[in-house]
Amino acid sequence: MKPEATARQILSTVRATAKMHEFRVAAEDFIELRRDPASLYSLAVGILGDAAGAIADHFVDSSISSHPPTWSEDITTNETVRFAATFFDAYLEAQLDSSISIEFSLLCAAAYYLSDAVGNAVVVVKRSDEPPADLGGGLGLLASRILQNRLEPIDTAIFHATFANRLLELIRAHFALQDEDESAIAHLCRTLRDTVYEIGTDREVLYADLVTAICAGKIQNSSRNRLPPASGLSLKAW
């Protein structure tokens, strides 16, 4: 799945409109949008879903490639997911739809995170309202909390509460340098994905993949895993 020239042209007009809002250009001077920018929404969600699924697959089974199997090898995951993130962000800033949902912002933050633009992801998710408790059975709320590094238990009633709070407990233990089974987080995410892939809704599938992929990034980039090999010192020394 690769954005073609037409998609990139539409994105450029959306970004231009966002800039016009930023600089408070008079409405009558705005450029004309010859194509409906919302036509890119399905493409952006598809890109994000493909990438999250592949990253999640690799996290729970390292023998599986983290490159989406339906994408050709010449497509760079980071660059392509950044396209989706840029679209979500520009569409929000261009104020093209006053009824746009909180979910749009969450997808934007997740796309930034999975394309290694961590700072952008934090800015987007912290300036946004939290998603409703029923989004993806509560997995949307869980994804938002992990992106914000808010790892305390979720006291809001959500369908996947048991999974969510156990996952947050394991992430807290990881960052606190507590003794843990290194595979516990991946195993827990695998169990959730197996369940929602069999009986879950389409949104539960998407958010199960996003939560797992975000966890993969958090664990991979944690000081617990980065500092010992970089310094030559053991974890206990740190």
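Helices are DSSP runs of H or I that span at least four residues, and helices are numbered from the N terminus. That numbering is used in the legends below, all of which describe a predicted model.

**View A. The protein chain as a whole, built from helices.** The predicted model contains 10 helices and 0 strands. Read from the N terminus, the order of elements is α-α-α-α-α-α-α-α-α-α. Of the 238 residues in the chain, 45% are buried. When contacts between residues at least 6 apart in sequence are considered, 61% of them join residues at least 24 apart. The chain exposes about 12400 Å², and carbon and sulfur atoms supply 50% of that area.

**View B. The largest cavity and its lining.** The structure holds 1 cavity of 30 Å³ or more, and the volume of the largest cavity is about 40 Å³. Its lining consists of Ile102, Ser105, Leu106, Val125, Ser128, Asp129, Pro131 and Ser144. Helix H4, residues 102-114, provides the largest share of this lining, namely 3 residues. Sorted by class, the lining has 4 nonpolar, 3 polar and 1 charged residues.

**View C. Tyr112 in helix H4.** Tyr112 is placed in helix H4 and has a relative accessibility of 7%, so it counts as buried. Beyond its neighbours within four places in sequence, Tyr112 is in contact with Arg82, Ala85, Thr86, Asp89, Ala117, Val118, Asn120, Ala121 and Val124. Phe83 lies 29 residues from Tyr112 along the chain, and the C-alpha atoms of the two residues are separated by 9.3 Å.

View D. With a relative accessible area of 2%, Val124 is buried. Val124 and Gln148 stand 24 residues apart in sequence, and their C-alpha atoms are 9.8 Å apart in space.

**View E. Ala51 in helix H2.** Ala51 is situated in helix H2, residues 41-60. The relative accessibility of Ala51 is 0%, so this residue counts as buried. Its contacts, leaving aside neighbours within four places in sequence, are Pro68, Trp71, Thr77 and Val81. For one of them, Pro68, the C-alpha to C-alpha distance from Ala51 is 5.9 Å, across 17 residues of sequence.

**View F. Arg193 in helix H8.** Arg193 lies in helix H8, which covers residues 184-199. Its relative accessibility is 6%; because buried means under 20%, Arg193 counts as buried. Not counting residues up to four places away in sequence, Arg193 touches Gly53, Ala56, Asp57, Val60, Ala208, Asp209 and Thr212.

View G. Asp116 is found in the loop between H4 and H5. Asp116 is exposed, with a relative accessible area of 53%. Asn149 occupies the loop between helix H6 (139-147) and helix H7 (161-175). With a relative accessibility of 48%, Asn149 counts as partly exposed.

**View H. The surroundings of Cys215 and the search for disulfides.** A search of the whole structure finds 0 disulfides. The cysteine sulfur nearest to that of Cys215 belongs to Cys189 and is 4.6 Å away. Because a disulfide requires a pair of cysteine sulfur atoms within 2.5 Å, Cys215 is in no disulfide. Cys215 is buried, with a relative accessible area of 1%.

How values were computed:
Residues numbered from 1 in each chain as written. Predicted model: local features only at pLDDT ≥ 70, side-chain atom pairs only at ≥ 80, totals over all residues. Heavy atoms only, no water. 1 Å grid on protein atoms, 1.4 Å probe; cavity = no way out; pocket = protein on both sides within 12 Å on 5 of 7 lines; lining within 4 Å. Points joined across faces, edges and corners; volume = space filled by probe spheres on them. Helix = DSSP H or I, 4+ residues; strand = E, 2+ residues; numbered from the N terminus. Nonpolar A, V, L, I, M, F, W, Y, C, P; charged D, E, K, R; others polar. Buried < 20%, exposed > 50% of the residue type's maximum accessible area, 1.4 Å probe, protein only. Contact = heavy atoms within 4.5 Å. Areas by Shrake-Rupley, 256 points an atom, 1.4 Å probe, with all protein chains shown as cover.
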